[in-house]
Amino acid sequence: MPLVPSAPEANPFYVRLMKLADGFRKLNVRANADTPKDAAQAVKFGAEGIGLFRTEHMFYGEGSEEPLFLLRKMIMSQGETERRKALDELFPHVKADVKATLDVMDGRPVTIRLLDPPLHEFVPHDREKLAHLADELGVKPGALRKRVEALRENNPMLGHRGVRLGITYPEITEMQIRAILEAAAELLRSGKKVQPEVMIPITSTATELAHQKVIFDRIRDEVRSRFKLSELPCLFGTMIEIPRAALRAGDIAADAEFFSFGTNDLTQMTFGFSRDDIGGFLPDYLRGGILSADPFQTIDRDGVGELIALGIARGRATRANLKVGICGEHGGEPESVMFCHGVGMDYVSCSPFRVPIARLAAAHAALQEG
Ligand code: PEP
Ligand code: MG
């Protein structure tokens with residue numbers, strides 16, 4: 001039968017099947033989406049929210065020139081005053097980006113993750129591009145090269161990224177939280193519904209999260225009173241993607257209202273397998289029966305799974321109503337969705353096109369349970 005290139009909701013069989021599945025499943029299904037377009041696509045596929053909005057997306061691809069330039073300006077700033085000036089210029093772009101997606105999601109939850117990659121990733125490295133940036137920033141190419149060099153790390157995936165940036169430069173966290181909360185406040189004031197959730201990446205200690213929570217509380221109070229709102233609903237939570245965070249989930253839940261398991265990094269750090277380089281040996285592992293499946297595709301229940309189950313139990317022992325989800329690639333893979341159901345997650349989040357698969361798998365999991 002030929003493929004039908006129509007909108008899924010135009011197929012009555014698909015609609016009936018999905019409705020049936022939705023009647024059984026207990027897990028909520030969200031999507032990982034970084035643009036209003038992807039968010040709208042995800043809603044069409046039945047996503048009930050966004051489980052991962054990666055803020056850095058605005059610095060890649062179409063329309064990213066200006067925000068990327070401002071980000072680079074911020075990265076190359078020397079000292080807090082200069083950095084704050086660059087952040088002020090970047091602020092309206094971040095706010096507009098978040099606001100457009102919150103608007104499309106029309107009151108459904110949207111988990112917005114603060115900047116995750118190392119800053120070094122955003123600066124140009126070839127001579128010509130560096131010279132161009134230096135020219136635009138009004139500094140000598142040699143001086144700029146030195147600043148870029150100073151950011152270089154031997155192991156950037158384990159380096160200065162995620163929450164660690166927010167600890168070194170609290171003003172980066174502050175700008176992002178202000179952008180999210182102002183976007184939400186403006187929509188609320190115009191009669192719209194919003195459910196933003198601020199998510200801190202790469203947390204490994206409760207003290208990191210507590211540090212960021214102080215900033216969140218302060219900015220929320222400021223924005224709420226400036227917009228004269230009696231309430232400014234926004235959850236504060238963290239990704240759990242480092243084994244230590246899963247082990248210390250009990251402490252971390254003191255400040256986190258939700259956990260989202262980042263199983264891409266959690267798998268990488270639990271096995272010690274680089275997620276970008278596993279192709280070099282995985283075929284041998286699969287052929288030789290060392291592993292039964294690619295752990296970046298299907299959750300490794302025995303190891304990574306144990307950390308997840310432990311993290312949920314410890315987190316909920318501290319905060320009984322802790323909301324728990326997953327936003328790694330596994331969130332759209334049927335076997336892994338079944339696992340997520342079994343350990344009592346509230347939702348899975350996956351790429352928009354996998355949302356229907358996750359809805360079906362969640363229903364199968366509920367039915368299998370009896
Ligand atoms: C993860 O680590 O599972 C995750 C969702 O984050 P990213 O893939 O952006 O590192
Ligand atoms: Mg990650």
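Is Arg178 buried or exposed, and what is its relative accessible area?

Modeller: Arg178 is buried, with a relative accessible area of 17%; buried means under 20%, exposed over 50%, and partly exposed in between, with a 1.4 Å probe and protein chains only. This is a predicted model, in which local features need pLDDT of at least 70 and side-chain atom pairs count only at pLDDT 80 or more, while totals for chains, interfaces and linings use all residues. Residues are numbered from 1 along each chain as its sequence is written, chains are lettered from A and ligands numbered from 1 in the order in which they are written, and side-chain values use heavy atoms, with hydrogens and water left out.

Arg178 forms a salt bridge with Glu222, the closest N and O atoms being 2.9 Å apart; such a bridge is a side-chain nitrogen of Lys or Arg within 4 Å of a carboxyl oxygen of Asp or Glu. The pair links distant parts of the chain, since Arg178 lies in helix H8 (residues 170-189) and Glu222 in helix H9 (residues 206-226), 44 residues apart. Helices (H or I, at least four residues) and strands (E, at least two) are DSSP runs, numbered from the N terminus. Glu222 is partly exposed, at 31% relative accessible area.

The structure holds 33 salt bridges. Another of them joins Asp116 to Arg161, with 2.9 Å between the closest N and O atoms. Here too distant parts of the chain are linked: Asp116 sits in the loop between strand S3 (109-113) and helix H5 (127-137), and Arg161 in the loop between helix H6 (141-151) and helix H7 (163-168), 45 residues apart. Asp116 is buried at 6%, and Arg161 is buried at 2%.

A further bridge, between the side chains of Asp284 and Arg287, spans 2.7 Å from N to O. These two residues are three apart in helix H13 (residues 282-287), so about one helical turn separates them. Asp284 is partly exposed at 44%, whereas Arg287 is exposed at 65%.

Salt bridges that share partners also join Glu56, Arg113, Asp116, Arg161, Asp265 and Arg275 into one network. Asp265 is buried, with a relative accessible area of 3%, and Glu241 is buried at 2%.
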